[in-house]
Amino acid sequence: MMEEAKKILREYWGYAEFRPAQEAVVRALLAGREVLALLPTGGGKSICYQVPGLLRGGITLVISPLIALMRDQVEGLTRRNLPAVAIDSTLPASLREKWFSAAEEGKIRYLYVAPERLLIPSFRERLSKLPIRLVAVDEAHCISQWGHDFRASYLRIGELRPLLPEALFIALTATATARIRKDIIQYLGLRDPVLVQQPFYRSNFYYAVVYDIDKEKRLIQSLSKLKGSGIVYVSSRRASLQVAEKLRERGFRAAPYHAGMPATQRAEIQEAWQRERVRIIVATSAFGMGIDKPNTRFVIHYDLSAEPEAYFQEIGRAGRDGELAYAITLYAPRDAEILWEKVGEKYPSYEVLLRIYGTLYQLGSGSKRLRLSLSELAMHTKVSLYKLWRVLHLLSQEEFLAWRSEADSRAYLRSLVPPATWHSTTDEMVRWILRLGGAPLFQEGVYVDLSDWAYQLKIPYERLYEALNELKRKGWLTHTALPKDTTEFILPSVFPSPTLWQALRHKYKILRSEAQARGRFMLGYYQQREVCRPQYLLRYFEEEIAPCGQCDVCKGYYEVQKTTIEEKVQAAEWLSKELTTPRFVH
């Protein structure tokens, strides 16, 4: 069957041969074996399931975390005349029904969905009636504890197995330690899987940590020397805006990118970077997944990454063409403390979780729905906004509450009057809403990103919200939009039992402990000057390599700064103190 697979590869993708790791995956699937594939970023993971999916027949179900990534895959398959669709929350019910019917009639070969959609009983029931022969779980590391705070719905993908008895499962990811591999196999229920692992080490990388108290100056110097386009990673939305602005002031073609931007604006920035109109993207970790720009020449971490998995994936977005690429970290004296503060902010103490939840419950006064701003809640609980956001995210993942804000959720809109009523008005705003909402507005309704609409209309969010409210008052429209800077919480009618809280406490203790261990590992990477950079980093992924010969350590840049025994003792004492000081345990 491999000859048939290679024929399909040539016919639809134009490649003469599979890469070695791709071939190993395809062989295993065609032999009826399940697979856990660890392929570095840019390793061609999609072909691993797309080709055998055609040969196995029926439908290949692909579970992917990002709508943009799913759409890119669907567009690529469609261009190759391979019928594929992605079903996500932005689609009107009529279109979802149309595509489901097409799948039932055998007109669809690839069906892409987000993991959250699998939790909907009616959706799962429809899936069980489809001829699904292969299930591909992309970004499968999200199943493990490291990915718990990213997409907890991944933990329940395994519930599909009894619904799809004829389907083989393949899990794919770029980074996975032995612990993460064990979690993936356990939670997905992979049956005696074949492990295909491509070495993580890429010899075309130059790794360096640049030490300087003035990181801004060093960033300017580095970007002045480096050629081509690249990414500068920062830790906050505010920093992405500030650093990008400073770079533009110095004559660089730079643009910010973060998850809080309207979708249309993010897409515009991404396209400008892909087409070389922008040279440098200053981004939070929201940028990069699913983006393939092979000639990216550098990734600079202006702020430290606290997780080896995230760091490795981020630098892996450069040098996919095999040419020399740079992975540079800028390190200032206070960065160690900032890194530990970041870990503490991301995983506040259990007592903080309980206090914030109790405050919400008290403010709700028994009401199931509560609306207030996060700033108000931060003032009541005396925690930072970021820490508050992290706690709410965790509590919602554990289903202790549900919450949404106007900035990060979609609003539901549905017309209560016929199209003729809308067409009778001369109000330009109403006409724009009609144009953007389209036909679904008058049928089952439509879910929309109002921040994105406001960006497209070039008006403040508040003005759009008031226009929707005016239409609601007139009886033309129903909507679920929230006012600016407002968050809605949905709380259970009964306070969670002590047993549930105890289970959360135990689980959370493990999460915090593992996050601290990852932070210690990365701090060691940034501070050490004697071990080859990639050699040190790859030990986390149980991969041993010889010294690379081309990183800053191997080049001998620190030869004159060899650490003395006394300095090593002092450093060890300092690090021990830092790791046990209560101020780092928020």
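What covers the buried residues of helix H17? The cover includes helix H16 (419–423), strand S17 (446–448), helix H18 (450–457) and helix H19 (461–473), with contact meaning heavy atoms within 4.5 Å. Keep in mind that this is a predicted model, where local features need pLDDT of at least 70 and side-chain atom pairs count only at pLDDT 80 or more, while totals for chains, interfaces and linings use all residues. Residues are numbered from 1 along each chain as its sequence is written, and side-chain values use heavy atoms, with hydrogens and water left out.

**Helix H17**
- H17 spans residues 428–437; helices here are DSSP runs (H or I, at least four residues) and strands are too (E, at least two), numbered from the N terminus.
- Met429, Val430, Ile433, Leu434 and Gly437 are the buried ones in this helix, where buried is under 20% relative accessible area, exposed is over 50%, and partly exposed is in between (1.4 Å probe, protein chains only).
- Those residues sit on the same side of H17 because they cover an arc of only 140 degrees around the axis; the arc is taken from the directions from the helix axis to the C-beta atoms.
- The general rule behind such patterns is that an α-helix has 3.6 residues a turn, so residues three or four places apart point the same way.
- At the start of H17, Asp427 brings a side-chain oxygen to within 2.8 Å of the backbone nitrogen of Met429.
- After the helix comes Gly438, with a positive phi near 70 degrees.

**Helix H10**
- H10 (residues 263–274) has 12 residues, and its first and last C-alpha atoms are 16 Å apart, close to the expected 16 Å (1.5 Å times one less than the number of residues).
- Buried in H10 are Ile269, Ala272 and Trp273.
- The buried residues of H10 fall within an arc of 100 degrees seen down the axis, so they line one face of the helix.
- Their packing partners are strands S9 (230–233), S10 (254–257) and S11 (280–283).

**Glu514 in helix H20**
- Glu514 belongs to H20 (residues 498–527) and counts as buried because its relative accessibility is 18%.
- Its side chain makes a polar contact of 2.7 Å with that of Arg179.

**Cysteines**
- The whole structure has 0 disulfides, a disulfide being a pair of cysteine sulfur atoms within 2.5 Å.
- For Cys551, the closest cysteine sulfur is in Cys554 at 3.7 Å, which is too far for a bond.
- Cys551 is buried at 0% relative accessible area, and Cys48 counts as buried at 0% relative accessibility.

Methods
A polar contact is a pair of N or O atoms within 3.5 Å; within protein, one must be able to donate a hydrogen and the other to accept it, and residues adjacent in sequence count only if both atoms are side-chain atoms.
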